[in-house]
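This report concerns a ligand site and some features of the backbone. Please consult the sequence and the model alongside the text.

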Amino acid sequence: MHVTPLRWTGTALELLDQRRLPDEETWVECRDAGSVATAIRDMIVRGAPAIGIAAAFGMALGALRGENLDRAAATLKAARPTAVNLAWAVDRMTALGQVSPRVMVAEAEGILAADIEANMRIGQHGAELLGPSITLLTHCNAGALATGGYGTALGVVRAAVESGRKVAVFAGETRPYLQGARLTAWELQKDGIDVTLITDNMAGHFFQQQRFDAVVVGADRIAANGDTANKIGTYTVAVLANAHNVPFYVAAPISTIDIACPSGASIPIEERSGDEVVETFGRRIAPLGVAVRHPAFDVTPARLITAIITERGVLRPPFTSSIDKAVRP
Ligand code: MRU
């Protein structure tokens with residue numbers, strides 16, 4: 001059984017504390033909507049689909065506890081701004097209207113199950129794009145830990161391995177939060193998948209050496225024209241892939257597409273604390289008082305994306321029309 005970042009006990013949501021990986025597997029219990037929102041903001045649970053699923057259970061917890069659900073929805077949605085899956089999941093729960101807490105729980109469980117199912121389909125569609133023996137570069141963690149299970153980008157990796165392909169993965173460490181080093185390396189190693197860790201600034205060197213057959217990354221929000229927000233550093237990798245004629249694939253469920261965003265220019269980019277840049281593991285690495293910036297995401301323009309792999313199939317340019325067709329019910 002693959003890693004799962006969250007589990008529902010019937011009365012509480014348990015979250016694998018991703019801040020403590022890979023050293024410790026500790027679970028944090030949430031019993032109300034507010035504690036789920038805090039867990040999302042503090043990165044106990046992270047990754048676009050996973051925070052959406054957690055928020056859905058947050059709404060179910062709010063219903064079970066008789067909380068004001070309008071307030072719960074607003075608090076959950078405000079936890080992190082970039083991943084549209086968060087608002088998507090909360091809106092889906094809100095759309096149920098006045099229903100029993102039991103119905104809310106069932107809806108959240110349905111969102112979780114559908115996400116795993118979508119990831120397996122994404123994996124199958126993605127694997128078909130790959131040759132029999134490949135080396136892939138990925139960035140951040142778009143794996144089981146970032147979803148209901150199985151993963152999007154790492155779902156493609158898993159499905160490729162399961163189909164008998166020989167797959168090697170290079171994981172960029174993903175400064176400053178180190179999702180690649182801490183999470184991607186951990187979950188691939190756990191599954192016995194060949195993984196090599198590199199620092200982000202080594203990517204160009206390995207592209208020059210023609211080490212990569214393809215890049216596969218996840219997404220936090222895909223605009224109607226295909227522009228894609230993902231973890232900071234993704235754009236740099238896309239530029240490199242383009243310069244070296246390496247296919248650049250985005251793997252994401254339909255729930256990550258925000259048709260209301262015409263282009264990447266209207267995607268809100270989360271700015272996190274500079275402390276996460278000037279400190280690693282509580283130790284300061286830069287002089288006191290230095291100016292610092294920490295945008296947590298960047299936008300890769302559609303022109304650098306070879307294809308978007310969704311559960312409904314592989315979307316190709318021009319994305320405005322392929323996305324429009326894919327999002328129709
Ligand atoms: O800040 P994070 O760790 O939540 O950022 C996660 C990413 O950027 C992932 O690539 C994205 O959410 C896709 S997860 C399937």
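The sections below treat the basis of the model, the ligand site and the backbone.

## Basis of the model

The model is predicted: local features need pLDDT of at least 70 and side-chain atom pairs count only at pLDDT 80 or more, whereas totals for chains, interfaces and linings use all residues. Residues are numbered from 1 along each chain as its sequence is written, and side-chain values use heavy atoms, with hydrogens and water left out.

## Surroundings of the ligand

Around the ligand are 19 residues, where a residue is near a molecule if one of its heavy atoms lies within 4 Å of it. Arg46, Ala48, Arg80, Asn230 and Lys231 come nearest. The shell comprises 8 nonpolar, 7 polar and 4 charged residues; Ala, Val, Leu, Ile, Met, Phe, Trp, Tyr, Cys and Pro count as nonpolar, Asp, Glu, Lys and Arg as charged, and the others, Gly among them, as polar.

Domain 1 (6-118) and domain 2 (123-327) each supply at least three residues to this shell, the domain bounds coming from an automatic or database domain assignment.

## Polar contacts and cover

Helix H2 (48-64) and strand E9 (228-231) are the elements that give two or more residues to the shell; helices (H or I, at least four residues) and strands (E, at least two) are DSSP runs numbered from the N terminus.

## Backbone features

The peptide bond between Leu21 and Pro22 is cis, with omega about 5 degrees. Pro22 belongs to the loop between strand E2 (13-16) and strand E3 (27-30). Another cis bond runs from Pro317 to Pro318, with omega near -5 degrees, and Pro318 is in the loop between strand E16 (313-315) and helix H11 (319-327).

Met43 is not a glycine, yet has a positive phi of about 70 degrees. Met43 lies in the loop between helix H1 (33-41) and H2.
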